[in-house]
Amino acid sequence: MTTLELPRGAQLRGLDRAKAAERAAELYVQGCTIRSVAAQLGRSYGCARALLLEAGVQLRPKGGPRFREAAT
């Protein structure tokens, strides 16, 4: 399942919201970005982020991994 079976813009409540939060968490843990999660759920970035937080997901830092040069 890549998109929720709700019309775009319909409010997520109750069981639908819980299912959306669970799906968002699955996608994010697999490596998707918040924007990608939002697109796959048919929701806004803010909604996707809120769903992830509700699911108890620890968000990754902005900007991706940073590499340090080895000290010589």
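## Helix 1 meets helix 2

Let's start with a pair of helices. Helix 1 covers residues 14–29 and helix 2 covers residues 34–41; their axes come within 10 Å and cross at roughly 135°. Helix 1 and helix 2 are therefore oblique to each other. The crossing of these two helices is right-handed. Keep in mind as you look around that this is a predicted model.

Who does the touching here? On the helix 1 side you'll find Ala20, Arg23, Ala24, Leu27 and Tyr28, and on the helix 2 side Ile34, Val37, Gln40 and Leu41. Sorted by class, the residues of this contact are seven nonpolar, one polar and one charged.

## Helix 1 meets helix 3

Helix 1 has another partner to look at. The axes of helix 1 and helix 3 come within 8 Å, and they cross at roughly 90°. That makes helix 1 roughly perpendicular to helix 3, since angles of 65 to 115 degrees count that way.

In this contact, helix 1 brings Arg17, Ala20, Ala21, Ala24, Ala25 and Tyr28, while helix 3 brings Ala50, Leu51, Leu52 and Glu54. The class count for this contact is eight nonpolar, no polar and two charged residues.

## The nonpolar core

Now for the inside. The largest nonpolar core has 17 residues, and those with the most contacts inside it are Ala24, Tyr28, Val37, Leu41, Leu51 and Leu52. Helix 1, helix 2 and helix 3 (45–54) are the elements that give two or more residues to this core. Helix 1 gives the most, with six residues.

Setting aside neighbours within four places in sequence, Leu52 is in contact with Ala24, Ala25, Tyr28, Ile34, Val57 and Leu59. Two of those names, Ala24 and Tyr28, are on the list of residues with the most contacts inside the core.

## The whole chain

Time to step back. The protein chain has three helices and zero strands, so reading from the N terminus on, its elements run α-α-α.

How much of the chain is buried? Of its 72 residues, 29% count as buried, where buried means under 20% relative accessible area.

There is also a number for how far along the chain the contacts reach. Take the contacts between residues at least 6 apart in sequence: 52% of them join residues at least 24 apart.

Note on methods:
Residues numbered from 1 in each chain as written. Predicted model: local features only at pLDDT ≥ 70, side-chain atom pairs only at ≥ 80, totals over all residues. Heavy atoms only, no water. Axes fitted to C-alpha atoms, helices over the stretch in contact; angles between N-to-C directions. Helix = DSSP H or I, 4+ residues; strand = E, 2+ residues; numbered from the N terminus. Parallel < 35°, antiparallel > 145°, perpendicular 65-115°, else oblique. Left-handed = near helix turned anticlockwise from the far one by under 90°. Contact = heavy atoms within 4.5 Å. Nonpolar A, V, L, I, M, F, W, Y, C, P; charged D, E, K, R; others polar. Core = buried A, V, L, I, M, F, W, Y, C linked by side-chain atoms within 4.5 Å. Buried < 20%, exposed > 50% of the residue type's maximum accessible area, 1.4 Å probe, protein only.
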